[in-house]
Amino acid sequence: MGEAANNVTGAAAAAVRVLAETRVAPALAPTAESGGGGGRVKLSFFDTPWVVLPPIQRVFLYALPAGAGDGAEFHAAVTRLKDSLAATLALYLPLAGKLAYAAETGDVFIDLADDPGVAFIEAEVAAGDDHGMDLRRLAADEAHDIPAFLALVPPLDTRVLPAPVLSVQATRLPGGGLALGVSVHHAVADGQAVWRFVSAWAAAARDGGSGSPVAKGALTPPHYDRSVVQVPGGDEFAREMLRKVAPNLPVASTIKDFDFSQRFQLGRRTFYLAADDIQSLKRRIDELAAAEDSSAAAKKAKPVSTFVALAALGWTAFVRAKSLAAGDDTYLVFLADLRTRINPPVADGYLGNCIKGCLASADAGDLAGERGLLAACRAVQAAVAEMEAAPLGGTEQWIQRMMTLPFQRLCNVAASPRFRVYEASDFGFGRPARVELVSMNHDGEMVLVGGRGDGEVQVSVSLDPARMEVFKAHVLAVADPAPAGEVN
């Protein structure tokens, strides 16, 4: 998260030297989209809960083409990134704006009129003084080097409005590597919107950098008029939510008082589950279900999705790693995309938040038992069914409900295996060697994205290091099929 990145200390931060900081403006003069209000885009109800939170930060690691070793390849890559970013921002204007507060109305809005642009930092890790921050190690290690990853993403101070929406950092790594760090304010875009932007930016870079494939009609154009998201209560509903989550605007967050030391106390690991591993997991779940209920109705039950299967696997691994016992209530939270679920539906190109929190709950004893995977699947499926039956139900109480949960027994799953992040982020110098969400803070956070191989899923987890081996052993057991009675 941005504020933490600003305060990264130690060898990793010292090894990263800033070479230049420039501002990348949209290639075309911005014009307010219909409904934008003269260069302003008001946030919707779905955007406002994220105003108080620090930004999302991701890092992409690349091996640049071999050259003479004089840095020419890095500088060429930076030029390509900047030119294509300018072309892409011309269509994704909210990402070039600022998040601002209108005291006269009580609204937070995206200001597109006041010098739109994005801070772009160029940096390098000096060879011989790299403290292990070379491409090969950072891309290959199962355990994350958290200080190194934090040093490779740019600051984005969102604590007081007006605040920037997006910043970018390109860092030259020893061994011919490049780290691309991106920080984005969640109040302006959800995961699907961010990945569509990254995909459009990468496509523009592959196309030479000076024009956007969106503008040329090769990709679906984005839209960001918040009036397409119709929620009962409209603007007043959004303002009420804003008053609940951020009562002290223009101070958007008290994040400066948050103890970020925990993120250095938590361990992070990344595992890769192949398509065969995932099919094995689903078969084991099906076997558990068949053993419990052999009726015709059970045999016709809806197949378990990849997301549900992996969420259940991570949740049961979390319960085991935490040594939770019968009688301990435990929870799993995840976000659902509502674009096709609300009425009227919202087109895929929507650049904003259109997501709802879903909450599954279970007794830890049921999840730790021999049929724990099945119990977890059914709890997740019940949460999905509840959301599908009433997509907008309970949204106004979501934040308050979350604050009452026991965080030490809460597991959360972010992103989606449907996000094909490696395919989306080829900027013309090949697919990345690694993509990671850097802004992970919670003890029990799991991130699922499409992996590098066909059908593969990348699973990254943040957890107390003392409990990581138990979590890992449970997760990786999916690669070793066992009879249904032995699965737990």
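Among contacts in the protein chain between residues at least 6 apart in sequence, what percentage join residues at least 24 apart? The figure is 80%, where contact means heavy atoms within 4.5 Å.

This is a predicted model, in which local features need pLDDT of at least 70 and side-chain atom pairs count only at pLDDT 80 or more, while totals for chains, interfaces and linings use all residues. Residues are numbered from 1 along each chain as its sequence is written, and side-chain values use heavy atoms, with hydrogens and water left out.

**The whole chain**

Of its 488 residues, 56% count as buried (under 20% relative accessible area; exposed is over 50% and partly exposed lies in between, with a 1.4 Å probe and protein chains only). The accessible surface comes to about 19300 Å², and carbon and sulfur atoms account for 53% of that surface (Shrake-Rupley method, 1.4 Å probe; for residues, only the protein chains shown count as cover).

**Loop residue A27**

Select A27, in the loop between β1 (16-24) and β2 (40-42). Leaving aside neighbours within four places in sequence, A27 is in contact with A86, A87 and A90. L91 is 64 residues from A27 in sequence, yet their C-alpha atoms are 9.2 Å apart.

**Aromatic rings**

Next, display the side chains of Phe, Tyr and Trp. The whole structure has 9 aromatic pairs (ring centres within 6.5 Å, using the six-membered ring of Trp; planes under 30 degrees apart are stacked, over 60 edge-to-face and the rest tilted). F45 and F46 form an edge-to-face pair, with 5.7 Å between centres and 65° between planes. F45 is buried at 6% relative accessible area, and F46 is buried at 4%. Then select Y62, Y92, F197, W201, F427 and F429, which form one aromatic cluster.

Two arginines follow. The charged end of R40 sits over the ring of F109, 4.0 Å from the ring centre, and that of R452 sits over the ring of Y272 at 4.2 Å. The criterion is NZ of Lys or CZ of Arg within 6 Å of the ring centre and within 35 degrees of the ring normal.

**Helix α13**

Move to α13, residues 372-389. Its 18 residues should span 26 Å at 1.5 Å a residue, and the end C-alpha atoms are 26 Å apart, which agrees; the expected span is 1.5 Å times one less than the number of residues. The buried residues of α13 include L373, L374, V380 and M387. Among the elements covering them are α9 (275-292), α11 (306-321) and β12 (355-363).

**Cysteines**

Select C354 and C358. C354 is buried at 0% relative accessibility, and C358 is buried at 3%. The structure holds 0 disulfides (pairs of cysteine sulfur atoms within 2.5 Å).

**Backbone geometry**

Most residues other than glycine have a negative phi, and most peptide bonds are trans. Inspect the peptide bond from L249 to P250, which is cis with omega near 15°; P250 is in the loop between α7 (234-245) and α8 (262-265). The bond from N343 to P344 is also cis, with omega near 0°, and P344 is in the loop between β11 and β12.

Which value does phi of S323 take? It is near 55°, a positive value; S323 is in the loop between α11 and β11 and is exposed at 56% relative accessible area. End at A415 in strand β13 (residues 410-416), where phi is near 65° and the residue is partly exposed at 28%.

Methods:
Helices (H or I, at least four residues) and strands (E, at least two) are DSSP runs, numbered from the N terminus.
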